[in-house]
Number of protein chains: 2
Amino acid sequence: MNIYDIAKLAGVSIATVSRVINGKENVSEKTRRKVERIIEEIGYTPNVFARGLGLGSIQMVGVLCTTVSDLFYARAVATIESELRTLGYDVILCCTGNDVSEKSRYMQLLLSKRVDAMILVGSIFQERTSNEHIAQAATQVPVILINGSLDIPNTYCVFCDEEGAVYHLVRDLAAVNRRDILYIENTESYSSLTKWRGFTRGCGDCNISHSPALKLQVPKDGDAVKEKVLELIDAGVKFNAVVASEDLLALGALKALQSRGLRVPDDVAVIGFNDSILCKCSSPELSSVDNKVDDMCRRAVAILLELIQGRKPPTRTVLTPEFKRRGSF
Amino acid sequence: MNIYDIAKLAGVSIATVSRVINGKENVSEKTRRKVERIIEEIGYTPNVFARGLGLGSIQMVGVLCTTVSDLFYARAVATIESELRTLGYDVILCCTGNDVSEKSRYMQLLLSKRVDAMILVGSIFQERTSNEHIAQAATQVPVILINGSLDIPNTYCVFCDEEGAVYHLVRDLAAVNRRDILYIENTESYSSLTKWRGFTRGCGDCNISHSPALKLQVPKDGDAVKEKVLELIDAGVKFNAVVASEDLLALGALKALQSRGLRVPDDVAVIGFNDSILCKCSSPELSSVDNKVDDMCRRAVAILLELIQGRKPPTRTVLTPEFKRRGSF
DNA sequence: GGATATAATGTAAGGGCTTACACCTCTCTT
DNA sequence: AAGAGAGGTGTAAGCCCTTACATTATATCC
């Protein structure tokens, strides 16, 4: 069942049918209705391939992230999907996992599917070795990176000033004399770098000489963190604040502290990152830095829209994170 | 840059280039290598549309769910994506939200994109009013429903015996004299029905006359649940166990209990559903029913594979859930 | 009423691939 | 040495649309 069949049944030419389908001008009301009725009756759906061939676009955007089973990415993908949907775009989801080498393969795949754009979510994409693949992809379609920064032509990035957020966190902690800060970061996340930079800068400005013993690098696993923090406590390492690069890690630390009878926030303040739903699961609830996932995603899609409309959106968009004060600090 | 360009550069015909691209027989090793080198050099990617036009398939599967920002769906989508990826399929993600009427629109959309199959995640899809749309879609491509059951031709479903799980939960609780069970369910979830059936059956078999006051229907929101449970406690309603249709709800109840000085599990046992990462966030950690998301998804994709290979997989696959005992019961 | 502007419709040329079929070039057989 | 068979390659039709351009119908004006 193709456009010729419809044309024949309606007694018009395929051009007219095509016009009706695409809501173009220059079709009489009468003809339009007739064609529409027949399409409805037959249950005809235009073939995307033929359409794509003609138009060169299939109204799809590739969204890459490491995994949607992570809260942060899940929320990002959800927002992106819904925003793109309103623009009439479908989302092709690509979860690359942590394997850097896979990324280029996925991008190639998306390119071959002729997506209209690619949205990369997560700092993993700013990691060096994949830059050339991104650059190559960017020559063909717009590439937008969320939560990371990149300096490649035809590439746009939207991120949040995490460095500043952590910097201020340190200052705020120091201001109330919490100067022994345990810093916990996720070994698998490249965005930890930015945060760490903010941390050391904060320490510098506050004359805190941060001991290497107070930097913990762990995989993203609540139990693993708990273990490590317990070890630390039991080894007699003292600290009165914890800053973690992700809520899950902060939560692990919180549990470790509580299981050793330390009070949060009285004895130790605990601060997480991402302002995820996990924050509300503990008691006290977890204070966390809201890095504005939804805003970032909306901005990203807005940029996409501007590009589609042929305008020139800014290459970098920096958002300001917001500290969400709850019970743990 | 198309197949003709490659053909010209390689000094062969387009048919040969096509053969090389598709790994067909009857190409001399020498020619193959030459063409491959040129493709590599140029960075040529075949146009999917043209290809799809010829083949009728684009190696994509539509995945529908309400939202990936929900832990359960996120995990499901993650697993489906990765499984499909290994089969060489891309995932088009469609998040319908809770709006039932939207579902048919999305399915139509997917159909028009010529997906090779559709995977529906969540019991919302077994809701009556959309049955006809599913039936219509199923005439064109295989439809697989995860975590729900459906009786429509060309439709396959994979779900978990939630009714049985809740039934056994009630029996287990009754066996240790926890007979005053607060049942909390999500108003937005259709799968609550199945669970409730298990619950009442369990009550019946254990001679528990369950008071309507002990059934709470709430939206999916930890704070809202907490409020409701607090009201209940403050109103003097007594119970020594809580069964919730989702972990998040159980967690809300747990917090309410603890904030009123009730001990978990000593005074009140709390049991959640889905065995999500939330279970490990509270203390005590939340006991929960693992409804085997990953297994369901893997099965679903396996069914898809069988269908592709022209075999006849079973129409219904029922998995057995597993109670994950932690600190709250 | 006839010229002219405008709206409605049709024709045909792509767009880039797959593949059936035709063709050519060997090698091997007898 | 001629014929058969196989392997390698090319030609061209077909997949189903979109759209520039050509054509025809209708409306408008003096």
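Begin by selecting chain A. Among its contacts between residues at least 6 apart in sequence, 70% join residues at least 24 apart; two residues are in contact if their C-beta atoms, placed from the backbone, lie within 7 Å.

Before moving on, a word on the model and its labels. This is a predicted model, in which local features need pLDDT of at least 70 and side-chain atom pairs count only at pLDDT 80 or more, while totals for chains, interfaces and linings use all residues. Residues are numbered from 1 along each chain as its sequence is written, and chains are lettered from A and ligands numbered from 1 in the order in which they are written.

**Stop 1: chain A as a whole**

Switch to a cartoon view. Chain A has 12 helices and 12 strands; helices (H or I, at least four residues) and strands (E, at least two) are DSSP runs, numbered from the N terminus. The radius of gyration of chain A is 25 Å, well over the 20 Å that the globule rule gives for 329 residues, so chain A is more spread out than a compact globule. (The radius is taken over C-alpha atoms, and the rule is 2.2 Å times the number of residues to the power 0.38.) Along the principal axes, the C-alpha atoms of chain A fill a box of roughly 85 × 40 × 30 Å.

Now colour by domain. Chain A is assigned domain 1 (3-46), domain 2 (56-160 + 293-322) and domain 3 (162-290), with bounds that come from an automatic or database domain assignment. The C-alpha centres of domain 1 and domain 2 of chain A are 37 Å apart.

**Stop 2: the DNA strands**

Select DNA strand D and the protein residues around it. A residue is near a strand if its C-beta atom, placed from the backbone, lies within 6 Å of it. Which residues come nearest to DNA strand D? Of the 25 around it, they are A:I3, A:S18, A:A50, A:G54 and B:A15. Helices α2 (14-21) and α4 (48-55) of chain A, along with α2 (14-21) and α4 (48-55) of chain B, each supply at least two residues of this surface. The most, five residues, come from α4(A).

Next, select DNA strand C. For the surface near DNA strand C, α4(B) gives the largest share, five residues. By class, that surface has 14 nonpolar, 11 polar and one charged residues. In this scheme Ala, Val, Leu, Ile, Met, Phe, Trp, Tyr, Cys and Pro count as nonpolar, Asp, Glu, Lys and Arg as charged, and the others, Gly among them, as polar.

**Stop 3: where the two chains meet**

How many residues of chain A are in contact with chain B? There are 38, and they meet 37 residues of chain B. On the chain A side, α5(A) gives the largest share, six residues.

Zoom in on A:V68, in the loop between β1 (60-65) and α5 of chain A. A:V68 is buried, with 30 other C-beta atoms within 10 Å. (Buried means 20 or more such atoms within 10 Å, exposed 12 or fewer, and partly exposed in between, with C-beta atoms placed from the backbone.) Among the contacts of A:V68 beyond four places in sequence are A:Y73, A:C95, B:V68 and B:A78.

**Stop 4**

Most residues other than glycine have a negative phi, and most peptide bonds are trans. Select A:S283 and A:P284: the peptide bond between them is cis, with omega near 0°. A:P284 sits in the loop between β9 (269-273) and β10 (287-290) of chain A.

Then pick A:K292, which has a positive phi of about 60° although it is not a glycine. A:K292 is in the loop between β10 and α12 (293-308) of chain A.

Finish at B:N207, not a glycine either, with a positive phi of about 55°. Is B:N207 buried or exposed? With 8 C-beta neighbours inside 10 Å, B:N207 counts as exposed.
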